[in-house]
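Biologist: Could you walk me through this one before I set anything up? I'd like to go through the open spaces and then the ligand.

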Amino acid sequence: MRIAFFDTKPYDKESFQAASSGKDITIKYFETKLNEDTVGLAKGFDAVCVFVNDTVNKEVIDRLCELGVGVVALRCAGFNNVDMKYAFGKVHVLRVPAYSPYAVAEHAMAMLLTSIRRIHKAYIRTKDFNFSLSGMTGFDLYGKTVGIIGTGKIGRVFIDICRGFGMKVLAYDKFPADGLADGENIKYVSTDELFANSDIISLHCPLNDETYHIIDENSIEKCKKGVVIINTSRGALVDAEALLNGIKSRQVGAACLDVYEEESELFFEDYSGHIVEDDTLARLISMPNVIVTSHQAFLTKEALSNIADTTISNLEGFFEKGQCPNELCYRGGTTNDCKDGKCF
Ligand code: NAD
């Protein structure tokens, strides 16, 4: 089996070499992202392996078909970068539905604590032997209300962590989880109720037509003054301009962003010597109460190893047994995991 691996980073190579060692698998690692300009590199391969900022749109899918590449193996959970409707019946799309919800949920809490206890400021101050505490006052998480949008794997781990801090939970999910609400400390509510009553809001839903800009001018207006917004899911869940305005007007007290709507050209790369053209991102980063990490929440040893193992086993299942339980398919207007391995 020959795999064209796009958007390669050194840590990917390490984990995929370990997962494919001793198997009849050849992986060619390309540093470039998959898109309309680079899809030709997939010629002669059985599958492409892609990550969150590779592009699998109509043009790329058509070209993959022309090249005889029938499989797109996502080494991530989200698939908003794949035109699933168009892919249906043309290429098989495999993904890694879960690799470590703990990695992402723990990162969300790390960002929250850093932000509200001003750890990012303290780190810089004490490096410079500035031991002043002015401007460093934080607040207790104990007794605060956290609003969780999306109570799937990551959202539920984040709820457990927040409950460990003695926080109350308001949750919203299009498909509420059975047995999660306890009527006292964890309650399912409408989005309006969640916005109006949460001190902190953390997003753990996928990006789709319904969740696009779920945090926008309108929803920010409905929030408690000083709300802290955490986004470790997908950038376009948040209207970045509206968030910036909310920060400027003090309606939003702080933002912790691991993802950004226009991240694909910037995140994962070193732009330290460049002039960044994106004024909204630059202004957000310049704010003392905004923390940005570059789509780093997944990046733990455990997650990398699980991603590589599941991706390789997805491909082995598909090519050797003709089916893969982690295949995605698009049916009746919705995208689902293919349960029977017979999507097309
Ligand atoms: P999941 O599928 O287990 O959970 C997603 C939840 O969102 C589900 O409960 C689902 O019912 C709910 N949902 C679907 N549509 C909704 C809607 N319209 N409104 C509200 N809720 C809705 O997924 P997960 O593993 O918990 O991952 C959540 C998200 O985290 C992923 O979609 C992905 O975008 C993101 N993610 C980010 C990183 C990172 O490194 N930053 C890593 C992994 C995943």
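Biologist: What volume does the second largest pocket have?

Modeller: Bearing in mind that this is a predicted model, the second largest pocket has a volume of about 350 Å³.

Biologist: And which residues lie nearest its centre?

Modeller: The lining is made up of 20 residues, and those nearest the centre of the pocket are Val52, Asn53, Asn80, Asn81 and Ser264. Sorted by class, that lining of the second largest pocket comprises six nonpolar, eight polar and six charged residues.

Biologist: Where does the pocket lie relative to the domains?

Modeller: It lies between domain 1 (2-99 + 301-343) and domain 2 (101-292), because both of them give residues to its lining.

Biologist: OK, switching to the ligand. Which residues come nearest?

Modeller: There are 24 residues around the ligand, and the ones that come nearest are Tyr99, Lys153, Ile154, Asp173 and Thr232. By class, this shell consists of nine nonpolar, nine polar and six charged residues.

Biologist: Which side chain has an N or O atom 2.6 Å from a ligand oxygen?

Modeller: That is Asp173, whose side chain places an N or O atom 2.6 Å from an oxygen atom of the ligand. Taken alone, the ligand exposes 860 Å², and the protein buries 87% of that.

Biologist: What about polar backbone atoms, say at Ile154 and Gly152?

Modeller: A polar backbone atom of Ile154 is 2.8 Å from an oxygen atom of the ligand, while for Gly152 the distance from a polar backbone atom to a ligand oxygen is 3.3 Å.

Definitions and conventions. Residues are numbered from 1 along each chain as its sequence is written. This is a predicted model: local features need pLDDT of at least 70, side-chain atom pairs count only at pLDDT 80 or more; totals for chains, interfaces and linings use all residues. Side-chain values use heavy atoms; hydrogens and water are left out. A residue is near a molecule or strand if one of its heavy atoms lies within 4 Å of it. A polar contact is a pair of N or O atoms within 3.5 Å; within protein, one must be able to donate a hydrogen and the other to accept it, and residues adjacent in sequence count only if both atoms are side-chain atoms. Accessible areas come from the Shrake-Rupley method with a 1.4 Å probe; for residues, only the protein chains shown count as cover. Ala, Val, Leu, Ile, Met, Phe, Trp, Tyr, Cys and Pro count as nonpolar, Asp, Glu, Lys and Arg as charged, and the others, Gly among them, as polar. On a 1 Å grid over the protein atoms alone, a cavity is a set of points where a 1.4 Å probe fits but cannot get out, and a pocket is an open set with protein on both sides within 12 Å along at least five of seven lines; lining residues have an atom within 4 Å of a point. Grid points are joined across faces, edges and corners, and a volume is the space filled by probe spheres set on the points. Domain bounds come from an automatic or database domain assignment.
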